[in-house]
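Here are my notes on this model, as numbered points.

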Amino acid sequence: MPSAQLSPIRVGILGLGTVGTGVFHVLRRNQAEISRRAGRDIVVTMVSRRDVAKASEVVAGEAQVLADARAIVDSPDIDIVVELIGGTTLAKSLVLQAIAQGKHVVTANKALLAVHGTEIFAAASARGVVVAFEAAVAGGIPIIKALREGLTANRIQWIAGIINGTTNFILSEMRDKGLDFDVALKDAQRLGYAEADPSFDIEGTDAAHKVTIMSAMAFGVPVQFDKAYIEGITCLSATDIRYAEQLGYRIKLLGITKRTAKGIELRVHPSLVPAKRLIANVEGAMNAVLVQADAVGTTLYYGKGAGSEPTASAVIADLVDITRLHGASPAQRVPHLGFQPHTMDQAMTDLPVLPMSEVLTSYYLRLRVSDEAGVLAKVTGILAGNGISIDAVLQREADEGANQTDLIILTHDCQELLMNETIAQLQGLVTVLAPIVRIRKEELA
Ligand code: HSE
């Protein structure tokens, strides 16, 4: 039995909250099977949490509990540090300190890697240790493994993912129950799907962190969160969700990254997606990532993107990977982002991240217009004049007594800059009575 021959790998968890507790419980519950897979036992020997009493309750005497995470990082009795503190300040300094101490790191911290990944991976490579992060993107879905290893033969063309469960839950509620955003958000908070301060989720920041990491892995470029275009779901209305549905679409918050001839698209925003696509039917807090690659075609990864044991599943997968390779030469390990680091700078020059104005996509437009002769002709005339091709038009009957109505237009692909100019022209028509609603559309074919 390998686990009898080798001493256990000793793990220290920084921040024993929901995920850390899940790691502790799953490791204990599945210990025998995990040891058979890893080749030796993996044991949590130290945990930290400010509330020491709470942590002590969880570990019930099976691990040492400390208030100070640094003591774990500095301990000579720890082989792998699991960082579950979150944020980019204390977590960054602890991760860098662990690397400097020659310890492998497992982290679920997408913000840390999306913003400081280049520095952290460089430090880890220089010190010959691993920073593993399966839990950072889409929780329990093994998408990092898929991108870095399973799809390694492919030239990846694009990735589109529902990678934030909170916003997907809110959008599902808005569609199912016809709720407006504010009401659906309150429901999500009451049910524990949204945090008291939900801004990272609803503004799209969390999804942008995750798609930034996937973009780097898909195209072999450094993480570039600062270049991501980010738009959340706060301005979406039940009206647009309803109209989209009538046109055969659902609205999802997508993290998208695409390789084009000019560069890489890196963006998060609400998107219409054809209702017949599998990904359009991912509801509630579930996550899904669609990857288009040249050899394999389209693959879809679906599962829980958050939660105690789903995220623990990803953390433990990393612990097992590191355990198997413990003692191996760093050159034999899979590179952090799946590409050999020395190839990354050149790739960045070859493939810059495009500004949003250069992105090519299709659009849903909703115009509140006067219901009078010639309005549709003027609107379509401006679109035609700018070379924008219309895919579908939906015009509602005039609201009773108001003599105004909603005109919904779906376009074919055009450049965002041209669409911005076109919307400005349309907005200038006296018969357009309210700010035009624009939502991007992805066919994901
Ligand atoms: N808050 C995230 C979500 C989970 O709602 O999906 C952690 O990234």
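1. A polar contact here is a pair of N or O atoms within 3.5 Å. The model is predicted, and the contacts below are to be read on that basis. In it, a polar side-chain atom of Thr166 lies 2.5 Å from an oxygen atom of the ligand.

2. Two further side chains reach ligand oxygen atoms. For Lys210, a polar side-chain atom is 2.8 Å from an oxygen atom of the ligand. For Asn164, the separation between a side-chain N or O atom and a ligand oxygen atom is 3.4 Å.

3. Which residues surround the ligand? They are Lys110, Asn164, Gly165, Thr166, Asp201, Asp206, Lys210 and Ala306.

4. Helix H7 (residues 110-127) packs against H12 with the axes 8 Å apart and an angle of about 55°. H7 is therefore oblique to H12, and their crossing is left-handed. From H7, Lys110, Ala111, Leu113, Ala114 and Val115 take part; from H12, Asp206, His209, Lys210, Thr212 and Ile213 do. Sorted by class, the H7 contact with H12 comprises five nonpolar, two polar and three charged residues.

5. Helix H8 (residues 143-150) also meets helix H12 (residues 205-219): their axes come within 9 Å and cross at roughly 15°. Angles under 35 degrees count as roughly parallel, so H8 and H12 are roughly parallel to each other. This crossing of H8 and H12 is left-handed.

6. On the H8 side of that contact are Ile143, Ile144, Leu147 and Arg148, and on the H12 side Ile213, Met214 and Met217. The residues of the H8 contact with H12 are six nonpolar, no polar and one charged.

Note on methods. Residues numbered from 1 in each chain as written. Predicted model: local features only at pLDDT ≥ 70, side-chain atom pairs only at ≥ 80, totals over all residues. Heavy atoms only, no water. Axes fitted to C-alpha atoms, helices over the stretch in contact; angles between N-to-C directions. Helix = DSSP H or I, 4+ residues; strand = E, 2+ residues; numbered from the N terminus. Parallel < 35°, antiparallel > 145°, perpendicular 65-115°, else oblique. Left-handed = near helix turned anticlockwise from the far one by under 90°. Contact = heavy atoms within 4.5 Å. Nonpolar A, V, L, I, M, F, W, Y, C, P; charged D, E, K, R; others polar. Near = heavy atom within 4 Å. Polar contact = N/O pair within 3.5 Å; in protein donor to acceptor, adjacent residues only side chain to side chain.
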